[in-house]
Amino acid sequence: MDRYPDILEDILHSDENSDDEWDMLLAETKREEESRSKRRNKHRGSVPGHRIIRRGRVEGHERLYHDYFAPNCVYDAFFRRRFRMGRPLFLRIVNGVEQYDPYFVQTTDAIGNLGLSSLQKVTAAFRILTYGTPADSVDEYVRIGESTAIESLRRFVQAVIAVFGDEYLRPPNNNDIARLLAIGEQRGFPGMLGSIDCMHWKWKNCPTAWQGMYTGHCHEPTIILEAVASQDLWIWHAFFGLPESLNDINVLARSPVFATLTEGRAPPINYRINGHDYTMGYYLADGIYPNWSTFVKTIPCPHGLKRKHYAAAQESIRKDVERAFGVLQARFAIVRGPARFWDEETLAYIMKACIIMHNMIIEDEGATNDNDFDGSGENPIVQVSHVHTPEFVDFIQTHHQIRSNASHSQLQSDLIEHLWQRYGQ
């Protein structure tokens, strides 16, 4: 009633207290009480208007544990299929992100109720990544809210990159290059370091102001991933974030794929083909890439048995990167379907985290001969110097050697003869 002092004072000091004035006062008081009652009914938690749903988080954790992580769990035979990896590797990732980010550590609230466990938060993030489902679809089983699931996903992918990125998203070191060169020699391509190509990820929730920039020949906003993969489907290079309006050549111009080579930090590579010596490795690429000495492309319309044999071999082995893209999308459906997040930074974190876990699965399942990262074959650390040095001339020389059309043609001719002498005759 304190909101109507004027009305009350007039009524109390008036000689004629009419029934109409009292009725008006009672009506205003009743409306005020109803308004206060509605506000009290909406206030469900610490935030006005916030609804509290008794999801049964503890029961959800116990059910998840007994289904997949107990000694005699219910779905032991289905763990690899539903989590895309073995249980030991999954628990290794859970322990790594839990130690890195305290957000994943189970805590209690102010009244002593247990919060979500690390298994629930990581499982929710995994389900979104592997099945590509909306965030609220994991609520019924994991017992986690939509906003919490999104926050868990964002923190999870950042933790995976921070904890495992240096090991599983690294450029090849000396030992890796020696193994890749040996594999290339066995397959008939001495000096080959892998195959390179681009993948496109549709961006469903691209901001309207950016759609023109991110729309290309697909007529939908997409983001480009440039990657290098080897025969075992290990992804050695990942460059993500450029818009669809660029083609593979424009992406290559912005890519750091040859940064270590031009800066003189790449391990030495020496091999001999058909009597000619070469000092730079190369990638198998499709026809859109330029005629550089670091790319080996197919022949569009080969004439003669030698050229036909070379084209068939190149096109067959070049599919390694296509296979890597297919397996990556099969394991993590989120990068196969339309991206639902609004910011490009989160999409970049998701893509890098999926590639890191893809490489971890390859190592865990024994698809690689030796991918142990102990630092013994690591490239030496280069100290940054801002003093003008003569190495700039070497940088320019290497830059021109990479883009040499003559070396590209000579390398292709030597490979044609090498493959024909080895397999064609």
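1. The model is predicted: local features need pLDDT of at least 70, side-chain atom pairs count only at pLDDT 80 or more, and totals for chains, interfaces and linings use all residues. Residues are numbered from 1 along each chain as its sequence is written, and side-chain values use heavy atoms, with hydrogens and water left out.

2. The protein chain has 16 helices and seven strands (DSSP runs numbered from the N terminus: helices are H or I, at least four residues; strands are E, at least two). Among its contacts (heavy atoms within 4.5 Å) between residues at least 6 apart in sequence, 68% join residues at least 24 apart.

3. Of the 425 residues in the protein chain, 44% are buried (under 20% relative accessible area; exposed is over 50%, and partly exposed lies in between, with a 1.4 Å probe and protein chains only). Cys206 counts as buried at 4% relative accessibility, whereas Cys301 is exposed at 58%.

4. The structure holds zero disulfides, a disulfide being a pair of cysteine sulfur atoms within 2.5 Å.

5. Helix 14 spans residues 344-364 and has 21 residues. Its first and last C-alpha atoms are 30 Å apart, close to the 30 Å expected at 1.5 Å a residue (1.5 Å times one less than the number of residues). Helix 14 is mostly covered, with 15 of its 21 residues buried. Gly366, which follows helix 14, has a positive phi near 75 degrees.
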